[in-house]
There are 2 protein chains.
Amino acid sequence: MTDPLVVFTPSGKRGRFPVGTPVLTAARQLGVDLDSVCGGRGICSKCQVQPGQGEFPKFGITVTGDALSAFNSVEARYDEKRGLKPGRRLGCQATIQGDVLIDVPAESQLHRQVIRKDASSAPMRMDPATRLHFVTVEQPDMDAPTGDAERLRTALRDQWDLDGVTIPLPVLQELQTVLRKGDWQATVAVNHDEGILAAIWPGLREAPALGLAIDLGSTTIAAHLCDLATGEVRASGGAMNPQIRFGEDLMSRVSYAMMNPGGSDEMTAAVRLALDELARTLSDEAGTDPSEIVETVVVCNPVMHHLLLGIDPTELGQAPFALATSDALRLGAAEIGLISAAPGARAYLLPCIAGHVGADAAAVTLAQAPDEAEEMTLIVDVGTNAEIVLGNRNGLLACSSPTGPAFEGAQISAGQRAAPGAIERVRIDPETKEPRFRVIGCDAWSDEPGFDVEVTGICGSGIIEAVAEMRMAGLLDASGLIGSAEATGTERCILEGRTHSYRLWADGDREIRVTQGDIRAIQLAKSALYAGARLLMDEAGVETLDRVTLAGAFGAHISPLHAMVLGMIPDAPLDKVTSAGNAAGHGARMALCDRSARHRVETLVRKIRKVETAVAPRFQEHFVAANAIPHASAAFPHLLAEVTLPRVSFGAAAEGGRRRRRRA
Amino acid sequence: MTDPLVVFTPSGKRGRFPVGTPVLTAARQLGVDLDSVCGGRGICSKCQVQPGQGEFPKFGITVTGDALSAFNSVEARYDEKRGLKPGRRLGCQATIQGDVLIDVPAESQLHRQVIRKDASSAPMRMDPATRLHFVTVEQPDMDAPTGDAERLRTALRDQWDLDGVTIPLPVLQELQTVLRKGDWQATVAVNHDEGILAAIWPGLREAPALGLAIDLGSTTIAAHLCDLATGEVRASGGAMNPQIRFGEDLMSRVSYAMMNPGGSDEMTAAVRLALDELARTLSDEAGTDPSEIVETVVVCNPVMHHLLLGIDPTELGQAPFALATSDALRLGAAEIGLISAAPGARAYLLPCIAGHVGADAAAVTLAQAPDEAEEMTLIVDVGTNAEIVLGNRNGLLACSSPTGPAFEGAQISAGQRAAPGAIERVRIDPETKEPRFRVIGCDAWSDEPGFDVEVTGICGSGIIEAVAEMRMAGLLDASGLIGSAEATGTERCILEGRTHSYRLWADGDREIRVTQGDIRAIQLAKSALYAGARLLMDEAGVETLDRVTLAGAFGAHISPLHAMVLGMIPDAPLDKVTSAGNAAGHGARMALCDRSARHRVETLVRKIRKVETAVAPRFQEHFVAANAIPHASAAFPHLLAEVTLPRVSFGAAAEGGRRRRRRA
């Protein structure tokens, strides 16, 4: 008589097993993805399966009622205590008695796939580096006096096939207490990426292990506290980067490090403290303890990367912009200041692409996966330095471009950071030339009822929209000159010295104007961004883009239309210009929840060809040509199919006027 | 024409190489042990060789004058600057032109053998885990923007065949500065045991790397600062273990940890600070900086081991005496408090044998190598707990025995630690019964001119000699009773209550007596020691010993004859009872200087069979029988061939007297 046939779905894996084989054993032998924390002791319930009944012609199998052993006392006790869904069995208890079809529901799969709501990013696969394992450890024996750590390692080898797991000193320090508290049973969190034991708890741990995905930006730190079993985000939050007090933008922080002995260490201490505080805050929010965090993943730009690691960033401030280290790093979480996490918690830092193209750009690339698509995709992470990636499955290029801080509201007369009170959206009526706007902290537009907020300035997305709207309303010509009141027909255009400003808002003495200087600052920034993108297109030998993705917290707030009117980015189908949201943060979550994502990003970064804008002569040419709004020579067919840009010109008149006065 | 034949001595390795092959290259290809730090650049001079000339019938080779290329400019420059011994060549410069015999002098061998003056210990082989390598690192390139760390790793791979070297964070933090200071040349210290870069210096480092071998005892910490190239001890020194303030002996420290919350951490902080201070002191003495220390090796007993690691030692104070970890440990030196060492310096802790038999006993076993001899050897490390190892090449056994602190002068009426003022040697004239003694701090004996020192007490070796001398002088009978003045014929025997004391010294009011209570305390201690040794002999099935080694700082001061008169150890040929000096410290140096010693001790410890005295019924029997001096039943033939022990008996008379008094 042949052994019963067992077919697992959804994998379709099949094999014959002797009568009496536990379903979990069969699954393991076939390599079926069936979870188990307790290793088959019937206590963790992770290995739940759903046996089918009847005919399954697709699988060539007929299942009778007694294909599995009867519901046993372990299952009954579990059902009574926690409840099993109808038809469900524990894979470690149910044994095979006849041909059977066994479905592994999603929640019992270790490597389940989690589809994101945000379809613009790659789906999230679950294969976390850190997993929980329940172990029974032999008690100490005076005649064979090995240490508790050695017996724990033996248990991991014998019960989980995990050989040579390293137990770091901070875990060793609590080992004896925990093992005795759990009466020689314990749940350990093992980082399979490194073979390191990250945490240990007495007895069977019911709760999942937690991980922290951190997007460490120059201005803000965003973090997600994630369930490492399901990928679920248990709490999300942000904090200001406390390094702002040492310098608003990255270069001023590099300067601070160069000018002040110990300045780099000061900034390191500040950001590490902030990370740990954020870990504690998010744990509070999720109703848990930061010591439950067994792993963290950090993405950040190269300067933040170095400052977090305690490496002086001076070299990043001058050519050739040499990184101290570019590869992905695996460290103790405590080494980067996460002292509230589990004592043996690990930290993974994504690799940096180049001295100006950081682990954040690597994370965005991982999340957007342009290397898996046919479409020629441009990814732009806008910040003080724009990080730009271009390519498709045939290859990727990256560069950074020194846009300066104008896009973040700096160098703008009424500029401010994106905070309550800042104008963030602007519309100008092309007929009346009257503006309306929205302010952070209030949902109503300025011409709507309910608009009641103190206006304090204009932020990055606000100034971009303002400039683009001025261009579309005919207040600004292609060269970037603001027209006079006479030329534009609105009193909002005011002469200031030899140039004009546009009054966006006034309340008594207080005013917010877009000045000619603001326009020049935005032109410089956008020219740099455009030139960087165009340089990559030259290098790739392409003239058109299939898709443009704006990444970063800032990218989420830029209107694609306005960005293109401004000529920040090369022309592309407008419906293909999208925001990736916080793609860097999503990339960090991917690396946290899926080991293979780490391998992917490490391989990817090695394959990306880096282009240095600082030394490319064509960069300068592109930069000059990109000064016009949207561009001096490029056609922008996709943009012009959607909007009409008034053919105004205020330059000749103004220049002529001035020249005339000088001659007079 | 066949290629020239090259023969290296002393290895005898030989091979044929094309004309023009550098000697260093030939040596490497043949696996000849020829040192090189600069990797063949002609700057480190480590690869000096001595070519032979003439006929070498033993090797079947005739060498003519032009067997090697002519002395070149690199060699001439080196000779001018530093001086080359006559006939010496640089192996990286001299190339093979004809058949040649090349001697590698001892100082050019990396794995040279250093013979110790102290013949009782195994010779020291040089094969340090940490070695220096000179590298030239590629400069950063904007078009291939890898990190400095990655380019350094590439250099190590390409220039030294070292793949995947880990650069710890503290080294990363100084990497950029050092590489630029050395103009992209650097010398790195690589720990080959772990594949970790421990330190980096700009340019070519001429000085050797240093290592620190530490013997961390309960009372004192001894350390040797060693040259990792030659094994030479650059400075040696000791410090008191500051944990003494928490408890004199180990058990009182364990109690302190159990009774005081945070007490364990306090003791950890104290001992770590002391280690770092000692590292700084020894570096000062050697005229160097502690940051030159790239590696440390620590041996210690299990309680010190746990306290150093920050592990609460409570479990070691109660059965089953479970170690938190027993295997050898490889850690960052900073993790055990050596913060003044090189930022990436490593620490190696030898394995513990059992809960009461520590890494110090493992180090002694490594240094004494009883496993390589035919002789049945007993090794005793005397302390508060005696650690005992017995065996030969056929197997080893180990146990610990709770001798208590009497051997260290505690529980003795006039006892004190071995410090200036303590009586350390005692002789009693068998005729006159008059004593003479020597005191720590004065070289003269008490009956010699120049004896001028304040006597403050008696230390461990002093009380052992005193008791043994009393036995030999007929002042003490086999049962351990001190005789009366009448029975012994000396007024130095004084009635104290119902027993007698022997007055060793008096000065005015101050006296030092050996009391009956002192004798009892020593009897308890020595019985435990003897019983432990005898138990191991039972387990091994042997009745006689070929060799006894007394280890530990204390062992160095015990006279073998007196120890045997006392019956501390089983009978053995007296000339085979020797002190191993600080064998634990020597074992630590071996593990520091010779990687294979680590492998050996790790293997050895796994093979040692542990015997737990606390649960062995025969231990109690042996303990009782060992109460007599030297023993109630064992014959001690070797001892009695050397000394005559008076057949006195004070028990019957004294007992009789008392009994009589009671009856009266």
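Two strands pair if DSSP finds at least two bridges between them, where strands (E, at least two residues) and helices (H or I, at least four) are DSSP runs numbered from the N terminus. The model is predicted: local features need pLDDT of at least 70, side-chain atom pairs count only at pLDDT 80 or more, and totals for chains, interfaces and linings use all residues. Residues are numbered from 1 along each chain as its sequence is written, with chains lettered from A and ligands numbered from 1 in the order in which they are written.

**View 1. An open, mixed sheet of 3 strands in chain B.** The strand order is S23-S22-S24. Strands S23 (435-439) and S24 (457-458) of chain B are the edges, each pairing on one side only. S22 (residues 422-428) of chain B runs parallel to S24(B) over 2 bridges. Gly457(B) in S24(B) is the bridge partner of Ala422(B).

**View 2. Helix H9 (residues 460-472) of chain B on the sheet.** H9(B) touches S22 and S24 of chain B. Its direction makes about 15° with that of S22(B) (axes are lines fitted to C-alpha atoms, for helices over the stretch in contact; angles run from 0 to 180 degrees between N-to-C directions).

**View 3. The contact between chains A and B.** Residues are in contact if their C-beta atoms, placed from the backbone, lie within 7 Å. Chain B gives 35 residues and chain A gives 35 residues. On the side of chain B that touches chain A, helices H3 (148-160) and H4 (169-181) of chain B are the elements that give two or more residues. The largest share, 5 residues, comes from H4(B).

Key
Contact = placed C-beta atoms within 7 Å.
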